[in-house]
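Dear colleague,

Please find below the structure that I am handing over to you, followed by an account of what was found in it. I would be grateful if you could read the two side by side.

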Amino acid sequence: MPKKLISVDPKLPPWKQETPLHNRWHPDIPPVAKVEQGEAFRVECVDWTGGQIKNDDSSDDVKNVDLSQVHYLSGPIEVEGAEPGDLLKVEFLNLGTLDGDEWGFTGSFAKENGGGFLTDHFPRATKAIWDIEGVYCCSRHIPGVRFAGLIHPGLIGTAPSAELLKIWNERETKLVNEEGTPEEKTLCGCLATRPLACLPEPKGAMLGKLGHFLQMAGEDESWDKIASEAARTVPGRENGGNCDIKNLSRGCTVYFPVFVPGANLSMGDMHFSQGDGEVSFCGAIEMSGFLDLKCTVIKSGMKMLPVIGPSPLNVNPIFEIGPLEPRFSEWLVFEGISVDEQGNQHYLDATIAYKMAVLNCIKYLSQFGYSEEQVYLLLSCCPCEGRISGIVDVPNAVATLAIPLAIFRDRDVRPPNNIESMAAGIRVVERDVCISELGGAVPYDPRLEA
């Protein structure tokens, strides 16, 4: 049994946990624990919102979620012997749910509070609750579906150095400042997710041992400085971070670059299952959970990672996929090309192509007794496979989305031999996901006032 390094209580707010959590990246956030190389250890994690989302039949908690707080991470963990320039080899020994907390949620944010990949089509907040039974899950909000999960951390990474943090903040600030100007990236006009990047924000910041914004903001000059510099955890970056790679599960090995002494490894955003792309944004089966890990250090190993960029710090982790994944033999595959919903031609744009593949799938499956909102959430969390199938044949990139047929327990979603038989057997939507009213989202966590 691995030693339990970090424990959490999912019933408590993040700022009341025995071991301090954090929700920002900064080299000056101190480690909360230390491990020896080769030592097996267990880390428990709260869900990424820190308990803001409830197991009920209303999506108003998703609508009004306070995104300034996320993601809540367990760590940093200092690894003995790790130094800048090394590679940190992290082996995933086991992952699972926390006893007594075997449920998860999938949602989509309101347009005015987070949005998502298809916000222009689904502007209202939605939510589905999943019951986890061993390796399987099912939802009262999406009837007729059951599948095995592939538990993984949506977010795991090492701490940035001060130099790398400066690179992040400068390039993301530049992107945000381009919005509405001639320099704005073309894709910004095609996707409705805003803001374009989440810049440092002291409000909502929890900096581990350094403290929580409720107690520290404006009271400690050092805390205020770190909070004003600390990077949000929303995107994946050179340190790993929020890459939402569903294959980081049992038996997987990840090689992370080390930027600070001790590496300062952190993790969270546990997922029971996720579809490629996590398209609804709040979109895996989000849960609390644990990871059993083992770390070793490859001295000077960071030089093995290719540098693609202007700085020697512009590297990315690499990983080995583990041997255990759900097995499916039959798939229904949807295509998309880089021509948008208005018929506008884009040039080899894989994002537009994937968006169109997802829309094609949603429109198609909604003919089989599901609402479009149900399919949207399902594609975000079921074990579907996304691919870039073509990226050279100008002007169209081609993306595909493959759906395993076995997840549909009570209906055949393949095209029938004749349309008449399908019309005779069309189902009505028996129960839908939770859907909030349009507009009026107010980010609010009542626990902050308790």
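**Salt bridges**

The side chains of R194 and E179 meet in a salt bridge, with N and O 2.7 Å apart; a salt bridge is a side-chain nitrogen of Lys or Arg within 4 Å of a carboxyl oxygen of Asp or Glu. This pair links distant parts of the chain: R194 and E179 both belong to the loop between α2 and α3 and are 15 residues apart. Helices and strands are named here as DSSP runs numbered from the N terminus (helices H or I, at least four residues; strands E, at least two). R194 is partly exposed, with a relative accessible area of 29%, and E179 also counts as partly exposed, at 36%. Buried stands for under 20% relative accessible area, exposed for over 50%, and partly exposed for what lies in between (1.4 Å probe, protein chains only).

Please note that this is a predicted model, in which local features need pLDDT of at least 70 and side-chain atom pairs count only at pLDDT 80 or more, while totals for chains, interfaces and linings use all residues. Residues are numbered from 1 along each chain as its sequence is written, and side-chain values use heavy atoms, with hydrogens and water left out.

A search of the whole structure finds 31 salt bridges. One of them joins R171 to E238, at 2.9 Å from N to O. R171 lies in helix α2 (residues 162–178) and E238 in the loop between β13 (236–237) and β14 (240–241), so that the pair links parts of the chain 67 residues apart. R171 counts as partly exposed at 36% relative accessibility, whereas E238 is buried at 6%.

E330 and R414 form a further salt bridge, their closest N and O atoms being 3.7 Å apart. Here the partners are 84 residues apart: E330 is in the loop between β19 (318–320) and β20 (331–337), and R414 in the loop between β22 (398–404) and α7 (419–424). Both are partly exposed, E330 at 45% and R414 at 38%.

In helix α4 (residues 221–229), the residues W223, I226 and A227 are buried. Seen down the axis of α4, the buried residues fall within an arc of 100° (taken from the directions from the helix axis to the C-beta atoms), so they line one face of the helix. Helix α3 (213–216) is among the elements that cover them. At the N-terminal end, D220 caps α4, with a side-chain oxygen 3.0 Å from the backbone nitrogen of S222.

Helix α6 (residues 372–381) is largely enclosed by the rest of the structure, because 9 of its 10 residues are buried. Among them are Y376, L377 and C381.

**An open sheet**

Six strands form an open sheet in the order β1-β4-β18-β6-β15-β19, with mixed pairing; two strands pair if DSSP finds at least two bridges between them. The edge strands β1 (3–6) and β19 each pair on one side only. Strand β1 runs parallel to β4 (residues 40–45) and is joined to it by 3 bridges. Within this pair, I6 stands opposite V43 in β4.

With kind regards

How values were computed: Contact means heavy atoms within 4.5 Å. A polar contact is a pair of N or O atoms within 3.5 Å; within protein, one must be able to donate a hydrogen and the other to accept it, and residues adjacent in sequence count only if both atoms are side-chain atoms.
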